[in-house]
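Here's a quick briefing to read with the model open beside you. Take a look at the structure, then work through the notes.

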Protein chains: 4
Amino acid sequence: MKLWNKGYTLDEIVEDYTVGRDYILDQRLVEYDCRASITHAEMLHEIDILTENEKNQLIKELKNIISLHKNGDFKIEKSEEDCHTAIENHLTKKLGDTGKKIHTARSRNDQVLTALRLYYRDEIKNIEELINENIKSIKKLIDKYGDIEFPGYTHTRKAMPSSIAMWAGGLRDSMRDNLDYLKFYAKFIDQSPLGTAAGYGAPLNIKRDYTAGNLGFERVQENPVYCQNSRGKFESGLASIFKLVMYDLNKYASDLILFSMPGCQYFSLPDKFLTGSSIMPHKKNPDVLELMRAKYHIVVSLENRISSMMANLITGYHRDFQLFKEAIFEVFDITHASLRISANIFDSLKVNKDKCEEALTDELYATEKAYKLVKQGVPFREAYRQIASQY
Amino acid sequence: MKLWNKGYTLDEIVEDYTVGRDYILDQRLVEYDCRASITHAEMLHEIDILTENEKNQLIKELKNIISLHKNGDFKIEKSEEDCHTAIENHLTKKLGDTGKKIHTARSRNDQVLTALRLYYRDEIKNIEELINENIKSIKKLIDKYGDIEFPGYTHTRKAMPSSIAMWAGGLRDSMRDNLDYLKFYAKFIDQSPLGTAAGYGAPLNIKRDYTAGNLGFERVQENPVYCQNSRGKFESGLASIFKLVMYDLNKYASDLILFSMPGCQYFSLPDKFLTGSSIMPHKKNPDVLELMRAKYHIVVSLENRISSMMANLITGYHRDFQLFKEAIFEVFDITHASLRISANIFDSLKVNKDKCEEALTDELYATEKAYKLVKQGVPFREAYRQIASQY
Amino acid sequence: MKLWNKGYTLDEIVEDYTVGRDYILDQRLVEYDCRASITHAEMLHEIDILTENEKNQLIKELKNIISLHKNGDFKIEKSEEDCHTAIENHLTKKLGDTGKKIHTARSRNDQVLTALRLYYRDEIKNIEELINENIKSIKKLIDKYGDIEFPGYTHTRKAMPSSIAMWAGGLRDSMRDNLDYLKFYAKFIDQSPLGTAAGYGAPLNIKRDYTAGNLGFERVQENPVYCQNSRGKFESGLASIFKLVMYDLNKYASDLILFSMPGCQYFSLPDKFLTGSSIMPHKKNPDVLELMRAKYHIVVSLENRISSMMANLITGYHRDFQLFKEAIFEVFDITHASLRISANIFDSLKVNKDKCEEALTDELYATEKAYKLVKQGVPFREAYRQIASQY
Amino acid sequence: MKLWNKGYTLDEIVEDYTVGRDYILDQRLVEYDCRASITHAEMLHEIDILTENEKNQLIKELKNIISLHKNGDFKIEKSEEDCHTAIENHLTKKLGDTGKKIHTARSRNDQVLTALRLYYRDEIKNIEELINENIKSIKKLIDKYGDIEFPGYTHTRKAMPSSIAMWAGGLRDSMRDNLDYLKFYAKFIDQSPLGTAAGYGAPLNIKRDYTAGNLGFERVQENPVYCQNSRGKFESGLASIFKLVMYDLNKYASDLILFSMPGCQYFSLPDKFLTGSSIMPHKKNPDVLELMRAKYHIVVSLENRISSMMANLITGYHRDFQLFKEAIFEVFDITHASLRISANIFDSLKVNKDKCEEALTDELYATEKAYKLVKQGVPFREAYRQIASQY
């Protein structure tokens, strides 16, 4: 044995390398896989693979797994790799031969796809709810402070007068667009892959419309090859939309960091969003905002990871695809946590009216001055030059 | 002067660095900018900034620029930076004070945004047309060869029988989805920014609905801050959709490279898509397919560039945004050229029936054998194990 | 309270968002931070901030923490954020006022930098050892199979005869270069930041050479601003070297996946590196190799994340930097695990001599034929054309 | 013919797609390829493939091409694809059969690699020179303004007093490290691939040491497979170092943008580095700095492109590799232009002493106050808390 194996057997090393954190990550798929399996069992009964009794036994035990899972009592062993194996193992242990029938007419490939899409559907709804919360918080901010004017910037330089209503309204409108986009995309990928097996169908006369309908899918994803080839593709697309949501937060976090620094102080944040320094007694740092800014880049890199990892591979499943799971889960988690924080921030944000007014210095009105000349008949470019010579 | 300045003045160095290739790239915006300027002039007349006569003069000269441009006779000097300056300069040179009025109530910021979105609209239509061409070519391929069976792969290993219809149909369905996605997104970003000036509005009572309607926009992008903040965001989103289109080509190029190599040869390509080696007399290499595969990564990196470049910046325009233009133009060009080539490839592709049949070796039917046992009442997992022991 | 807060207080939400997984990740820094703190205490004694007794107490307790940590008994509470706070808290709890002195003349900023660099130094050594193991395994492979000839490919097409010695030697040489590169870089970043505090020095007359020497650093990183600005920069550089190491594995994994597929089968892997399918009884899939290929892209994306996250920020520490930690740790872990697996693969790899020989078909010798004509005096390009006409 | 082919023949479409801009890009390789070809001809004479006379003719004509090229008179036709074909065509046209002999014992693959590495060597030297210019400019800045104190920031918040010497010295030290790194890497990749042909050697007894020595390479890259596999790998590594150089500029550009905004104004830049707005008469915008900041991201994305494009491909040349050329050339160009600009900026930068002093507000000395208590015997953490309560 190699020195650096340090007590691991090769089997353990291989298991570690292949399973990775899947057995932990898959906890969030347990319920979705059970729901899909219930529908699958019903369909197998419809096509006479399962008897009425077998179907009922399977459904009862699958519901039991959902209960166990909700109480934190459904374990996935590392040696089982993932929730799908753990669930089949559980069924076989409890129901013997009946359990061994559940995997008829499907492959782990379409099974994973199905569970993931059901999961995405729910998670997207959560994100939509959070976006709505943000829109509400922004609305309250505008109700409270909207009329206050403060400088609008271009090139990180004072440009023209803006207002809290205009500034915050920019985010509100962008969030509304995010919502529309997300709704479209959720529907767009809401296609049932169940029954396409390993990407080339199953040699049995199954009812795909039946399972798709029962699981609430918008439509059946007919072509089995497309089902496998859309793995990664759908995730990459999803990540790119979440990236755009995070981009809005990145920008407004950047605004708040700058606009609350000494020399601006248009905004202030309650202390609970600020942290200190280990050496400098006076510091109050906008760590929460900095992390919101930074986490955008995690999402960018995760989208890039999926897009790059899925390429240069022929049609059909590859084990590489397994690694999309961790990436897309992290995209969800970051977006979720960031939107939760940002809504709280917009709720707590204080606008300092005096600092805003103080900052409305003369040069911000240069454009207005030029337009006064325009109204007097001076061609704009002429007016512009006259005023420019004063600065 | 520094040794390494090698005869350049500082002004030239700065001009080189700031203008870059903008003055060349902007050729493709000339017509769009003129069309937007015509509408803008009409609106300025509506609000009494321009007289009837001034408006007519401007429109005539803008149409003249469009003609000059179509004949390749409209030059943008490097010192003018971009098409917007070149057009205003032209108008002023021709029309004097009237020309100096065209920039009233707008900024280069909303002007660029408007021209770009009009350009995107047309380019997306071209891409849609090309996707449709691909779908047609795939259909013809299926009509001709669809029934031929050949191995389906998972893990780059023979898995189960597939067919040309299933394989090509996977791409067709994916392309249809691409089309739906693109149509949604085209509409989604079809918002008129004209009249938001530098991102904080203009101190004049302009008619944004009027210009938006005349230019055929779906809706007005009301909030001026959102207009500026959506720059980059809309482009990043657009690039990510084109990335998904290119992903399909990347995958099918990968398929064709592998499936036409010795030992497979399910497909062959006409010689005009193949190139030779400078040293090896026998080589026929699939360069076109390799480049189609590789160019996907250019699009991935351009999307990543935009996403990364636009971050960590406060609200409002920054010069950094100027660099999105080259990136998104390249995304369009690559996708356009690749789809044009791929449609031609699907038109010319030859399926070698004998090689396909030869490759349908026994192990591809292992699953079918298991299902025969299933139909005899053996639980699937049991049947699986019985058959597995034979391999 | 918001509906979606679901029982969390705002403080918990903020803590979750800011601390993240730091308190878990930091377990691997505990020993390094203690070692740096021991040296720091010695220095503080040298400059009369600590008495002999205080110094000894601190060192004793820091060594105690190292022991606790090795037994898995040193806990970092989430509320403590990181190991640095946990260690200071522990010292203060045990030693009272003496514990409160340990943070004199340093900031968490230089403290983190120091611990990380000591950690990198050790981890790089581990990676170097693993690269050496790979080189040894490759050497054994060459000793055993080196003489066997098999086709060399260009454009995924047979090109000219290659051999196992040439193929495996390509990796060996690349790994040797990786080793040289890593050794250079390890030395390059082996600069002591200790004593630069928050990036602007500390108003005390400390001895930076003393601590740097004791901790075995190559040199002192003099400029405090550079210390902070090199955070992320050094990590990005490190990630890019590990990326190149992983690239070699990506390529050879790609080789082995293709070269062991039916139609090639030049290589075979023992069953323990292969896995089955849930539906297809006959499948033996190269999952380990596929994951080795895929994990390269994780490293690429992590490097991209660091590079993108660190940009557009002014001089000095930002909380964004905290997120580099998780990224670079993952880069280490992936590279470590992958090199461990790859050495085992090269140890177990079987070359199928008969398949190799079978594949040496006539066209591979086309170049040789051309060179025979060259030796007879035919100009190369002429000879090339003569032979080419035969294919 | 398809509607959308719009008058192009398929051959033109394929040529466009495969050649791309290679025939333009390759202008910068002409001289390097000729120099390598001269050495190659000398070697062919040494091994009796060329007569003395043939060798002399070839060398004379290759030198002639270098002259033509220097005068801008050496054309590469699009149909020739690249400089290598154009040069061989030229030789054959001028020298007949002698020209047809130049390609003996090499392939375009090793020929391209050789020309690129010679080109990299020169370009790296240029970049080194520019880094040295920057170091000199920074030194002058420190000589002039070094003693001026101004606030040091962490978290974009005032932290502790810094100075121009400390701030600028941070960049100087980082640039010195960049220089060391670049020197190492230049040597590291200075390996001669000439004579490895298409990646599997040439069936002739050539003298690789001879050509490597004549071309000034550090060493021979022995293994032909490694030669091909290092394509992309060496470029990716190179891009990542240039990325780090650009990172320094990104940071100092970010500093200068912020530190020259109203409310700071520690620095000012001469007007020639500033540009105006098309609508706001008062604006002076730091476009040059913004572009320097933004162009970092182009380099990040180009490195990412190379890294992602080169993956998941088996050993040996693929046409995908051709696309590295444009990417790495752009990396060189951006880094070159940016360093040229930055040296000019440091030469012209004005430090506003009064604004710097004004900004040194009380809270910057909080840490110093704590240390005064430390010197009086108060444990640091205690002192910290006492002072913190004052803020």
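Predicted model: local features only at pLDDT ≥ 70, side-chain atom pairs only at ≥ 80, totals over all residues.

Residues are numbered from 1 along each chain as its sequence is written, chains are lettered from A and ligands numbered from 1 in the order in which they are written, and side-chain values use heavy atoms, with hydrogens and water left out.

**Chain A overall**

- Chain A has 16 helices and 6 strands (DSSP runs numbered from the N terminus: H or I of at least four residues for helices, E of at least two for strands).
- The radius of gyration of chain A is 28 Å, while a compact globule of 391 residues would come in near 21 Å (taken over C-alpha atoms; the globule rule is 2.2 Å times the number of residues to the power 0.38).
- Along the principal axes, the C-alpha atoms of chain A fill a box of roughly 90 × 55 × 40 Å.
- Some 70% of the 391 residues of chain A count as buried (under 20% relative accessible area, with exposed over 50% and partly exposed in between; 1.4 Å probe, protein chains only).
- Among contacts in chain A with a separation of 6 or more, 77% link residues 24 or more positions apart (contact means heavy atoms within 4.5 Å).

- Strand β1(A), residues 149-154, runs antiparallel to β2(A), and 6 bridges join the two (strands pair if DSSP finds at least two bridges between them).
- Strand β2(A), residues 157-163, is mostly covered, with 7 of its 7 residues buried.

- D:Glu15 sits in helix α1(D), residues 10-19, and it counts as partly exposed because its relative accessibility is 30%.
- Not counting residues up to four places away in sequence, D:Glu15 touches D:Gly20, D:Lys78 and D:Ser79.
- D:Glu15 and D:Lys243 are 228 residues apart in sequence and 33 Å apart in space, C-alpha to C-alpha.
- D:Thr98 lies in the loop between α5 (83-95) and α6 (108-145) of chain D, and it counts as buried because its relative accessibility is 8%.
- Neighbours within four places in sequence aside, D:Thr98 is in contact with D:Glu54, D:Gln57 and D:Leu58.
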